[in-house]
Amino acid sequence: MASAPCLSLLVLVAMASAASAQLSPTFYLASCPSALFIIQTAVQAAVNSEPRMGASLVRLHFHDCFVDGCDGSVLLADTGSFVGEQGAAPNAGSIRGMNVIDNIKTQVEAACTQTVSCADILAVAARDSVVALGGPTWPVLLGRRDSTTASKTNAENDLPPPTFDLQNLTTAFANKQLSITDMVALSGAHTLGQSQCRFFRNRIYNEANINTAFATALKANCPQSGGDSSLAPLDTATPNAFDNAYYSNLISQKGLLHSDQALFNGGGADNTVMSFASSAATFNNAFATAMVKMGNIAPKTGTQGQIRLVCSKVNS
Ligand code: HEM
């Protein structure tokens with residue numbers, strides 16, 4: 001039964017490998033055979049102690065990949081020579097999980113010095129988070145190297161804000177060679193995690209394409225003014241399970257963010273939303289495929305970049 005999606009994923013991985021010759025699922029097999037086990041064990045422990053951490057790690061990989069490629073740039077703190085991505089509007093007071101990645105990096109460095117990049121740790125941690133919360137698995141392509149710089153401006157230009165409509169979202173993903181199907185599938189990561197009131201306030205008070213009871217319930221914790229950082233689950237139905245309930249929510253006009261509901265609002269993504277809502281297997285397969293594609297955005301390989309010793313700073 002599972003052989004058809006598995007086969008198509010393998011074909012995709014082979015195609016992706018061909019596109020960026022040095023990325024390979026077996027990149028650390030000889031140089032750091034324990035890396036994948038160390039990462040998986042640490043992610044499982046982090047998710048066991050706080051399920052939301054799985055969501056935060058998936059998002060961190062997305063925010064890494066969309067800004068100058070998957071190169072660990074999101075992890076860099078500001079320095080005298082650049083203002084990094086963590087202070088950019090989509091990240092400030094919002095991204096989480098950097099401490100978990102730092103902790104994994106320390107363990108991986110103890111096993112194999114300066115071998116495994118922070119960018120690869122992010123990619124594997126995202127996959128392991130999805131699996132830990134009940135989602136699909138996929139072979140993670142490896143061999144990315146870490147950036148030596150980061151750009152707040154690029155983060156603000158390339159990460160889509162929650163105010164975007166379908167056209168803007170489509171363009172933001174197309175800019176990264178991701179299709180509408182990839183975009184709808186990747187947005188399904190909002191089956192996990194939480195959003196702060198400041199990102200959905202306008203939607204619950206001012207938009208018409210929202211379920212009334214859903215909006216009313218959310219207002220209790222997200223007043224017209226104040227409570228900016230109060231949290232609500234992105235998937236009210238099953239916040240800590242990786243499943244396809246996100247798409248059924250959209251069909252019931254229970255998308256939390258404007259950008260979520262934009263995927264099902266009478267436009268060209270409606271049919272994809274309906275197909276993912278009606279088949280968990282179709283969604284899981286599309287999500288795994290799209291994560292491989294996203295993980296393949298502009299990797300640094302060969303002599304580009306470096307293997308950082310500490311993920312938050314460039315090697316001295
Ligand atoms: C389609 C465009 C997207 C927009 C506009 C968007 C926007 C947002 C916003 C505003 C939040 C809440 C952040 C906060 O309150 O601090 C959020 C959370 C989240 N996003 Fe997205 N996102 C998008 C796509 C994605 C993609 C492609 C992924 C991963 C593949 C993703 C994964 C997540 C996860 C897992 C969370 C919850 C994080 C947590 O609880 O720590 N998002 N997103």
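What follows is a conversation about the terms used for this structure.

Modeller: Gladly! This is a predicted model, in which local features need pLDDT of at least 70 and side-chain atom pairs count only at pLDDT 80 or more, while totals for chains, interfaces and linings use all residues. Residues are numbered from 1 along each chain as its sequence is written, and side-chain values use heavy atoms, with hydrogens and water left out.

Colleague: Where does UniProt place the feature "binding site"?

Modeller: The unreviewed UniProt entry puts "binding site" at D64, V67, G69, D71, S73 and E85. UniProt positions are given in the numbering used here, feature names are shortened, and annotations may be inferred rather than shown by experiment.

Colleague: What makes these residues gather at one spot?

Modeller: They span 22 residues in sequence, yet no two of their C-alpha atoms are more than 12.8 Å apart, so they gather at one spot.

Colleague: Why is G69 called buried?

Modeller: Buried means under 20% relative accessible area, exposed means over 50%, and partly exposed is in between, with a 1.4 Å probe and protein chains only. G69 has a relative accessible area of 2%, so G69 is buried. S73 has 0%, so S73 is buried too.

Colleague: In which loop is G69 found?

Modeller: G69 is in the loop between α3 (52–65) and α4 (98–111), and S73 also lies in the loop between α3 and α4. Helices (H or I, at least four residues) and strands (E, at least two) are DSSP runs, numbered from the N terminus.

Colleague: What is S73 in contact with?

Modeller: Contact means heavy atoms within 4.5 Å. Not counting residues up to four places away in sequence, S73 touches D64, V67, E85, S147, T149, A150 and R308. With neighbours within four places set aside, G69 is in contact with D64, I297 and A298.

Colleague: Why is H190 called a donor of the iron atom?

Modeller: Donors are N, O and S atoms within 2.8 Å of the metal (3.2 Å for Na, K and Ca); water is not among the atoms, so sites may look incomplete. NE2 of H190 is at 2.1 Å from the iron atom of the ligand, so H190 counts as a donor. H190 is the only protein donor of that iron atom, and H190 is found in the loop between α8 (180–187) and β1 (194–196).

Colleague: What makes N175 exposed?

Modeller: N175 has a relative accessible area of 54%, which is over 50%, so N175 is exposed. N175 is in the loop between α7 (166–174) and α8.

Colleague: And why is D68 called partly exposed?

Modeller: D68 has 32% relative accessibility, so D68 counts as partly exposed. D68 is in the loop between α3 and α4, and the phi of D68 is near 60°, a positive value in a residue other than glycine. Most residues other than glycine have a negative phi.

Colleague: Is A298 buried or partly exposed?

Modeller: A298 counts as partly exposed, because its relative accessibility is 47%. A298 is in the segment after α14 and has a positive phi of about 40° although A298 is not a glycine.

Colleague: Why does T301 count as buried?

Modeller: At 13% relative accessibility T301 is under 20%, so T301 counts as buried. T301 is in the segment after α14 (280–295), and beyond four places in sequence T301 touches Q22, L23, G143 and R145.

Colleague: How much area is buried between domain 1 and domain 2?

Modeller: About 940 Å², of which carbon and sulfur atoms give 63%. Buried area is the accessible area (1.4 Å probe) that two parts lose on being put together, summed over both. In domain 1, R52, L133 and P136 lose the most area to domain 2, together 47% of what that side buries. Domain 1 covers 8–159 and domain 2 covers 181–284, with bounds from an automatic or database domain assignment.
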